[in-house]
Amino acid sequence: SFPSGHSQAIWTVATALALAAPRWRVPLFAAAAVISLGRAVSTKHYAADVLVGAFLGIAMTAFIWSRWARRGWPLPGTASAPGVVRANS
C-alpha cells in the first residue's frame with residue numbers, strides 16, 4: 001500500500017486540472033487534500049503513504065506538463081490550445 005494509489009491519483013488529477021484552469025487551483029487542491037487526509041484518518045494508509053502518493057502525483061504531472069510545453073505542443077488553458085478563445089483585455 002506504499003504509496004497510496006488513491007492519493008497519487010487524486011493529486012495527479014488536481015494538478016493537471018489546476019494547470020489547465022488556474023482559477024480552480026485552490027478548490028482542486030483542497031478537495032485532493034481532504035480525500036488524501038481521509039485515507040489516513042480512516043486508517044487505510046499511514047501518513048507517509050499519503051504524502052508520498054501526493055508528491056508523486058504532483059511531481060509526475062508537473063514533469064509531464066513541462067516536457068509537453070518544452071516540445072511546443074499546445075496545452076489546455078493556453079492560447080495555443082485548439083478551440084481556446086481568449087477575450088481581448
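**Exercise 1. Which residue with a positive phi follows H2, and how does H2 compare with its expected span?**

Solution. The model is predicted: local features need pLDDT of at least 70, side-chain atom pairs count only at pLDDT 80 or more, and totals for chains, interfaces and linings use all residues. Residues are numbered from 1 along each chain as its sequence is written, and side-chain values use heavy atoms, with hydrogens and water left out.

Step 1. H2 is followed by Thr43, which has a positive phi near 60°. Helices (H or I, at least four residues) and strands (E, at least two) are DSSP runs, numbered from the N terminus.

Step 2. H2 spans residues 25-41, 17 residues in number, and reaches 24 Å from its first C-alpha to its last, close to the 24 Å expected at 1.5 Å a residue. The expected span is 1.5 Å times one less than the number of residues.

**Exercise 2. State the secondary structure of the protein and describe H3.**

Solution. Step 1. The protein has 3 helices and 0 strands, in the order α-α-α along the sequence.

Step 1. H3 (residues 47-70) has 24 residues and reaches 34 Å between its first and last C-alpha, close to the expected 34 Å. Just after H3, Gly72 takes a positive phi of about 85°.

Step 2. The buried residues of H3 are Asp49, Val50, Gly53, Ala54, Gly57, Thr61 and Trp65; they pack against H1 (5-20) and H2. Buried means under 20% relative accessible area, exposed over 50%, and partly exposed in between (1.4 Å probe, protein chains only).

**Exercise 3. Determine the surroundings of Ser4.**

Solution. Step 1. Ser4 lies in the segment before H1 and is buried, because its relative accessible area is 0%.

Step 1. Leaving aside neighbours within four places in sequence, Ser4 is in contact (heavy atoms within 4.5 Å) with Arg39, His45, Asp49, Val50 and Gly53. Asp49, Val50 and Gly53 are among the buried residues of H3.

Step 2. The side chain of Ser4 also reaches the backbone nitrogen of Ser7 at 3.0 Å.

Technical notes:
Polar contact = N/O pair within 3.5 Å; in protein donor to acceptor, adjacent residues only side chain to side chain.
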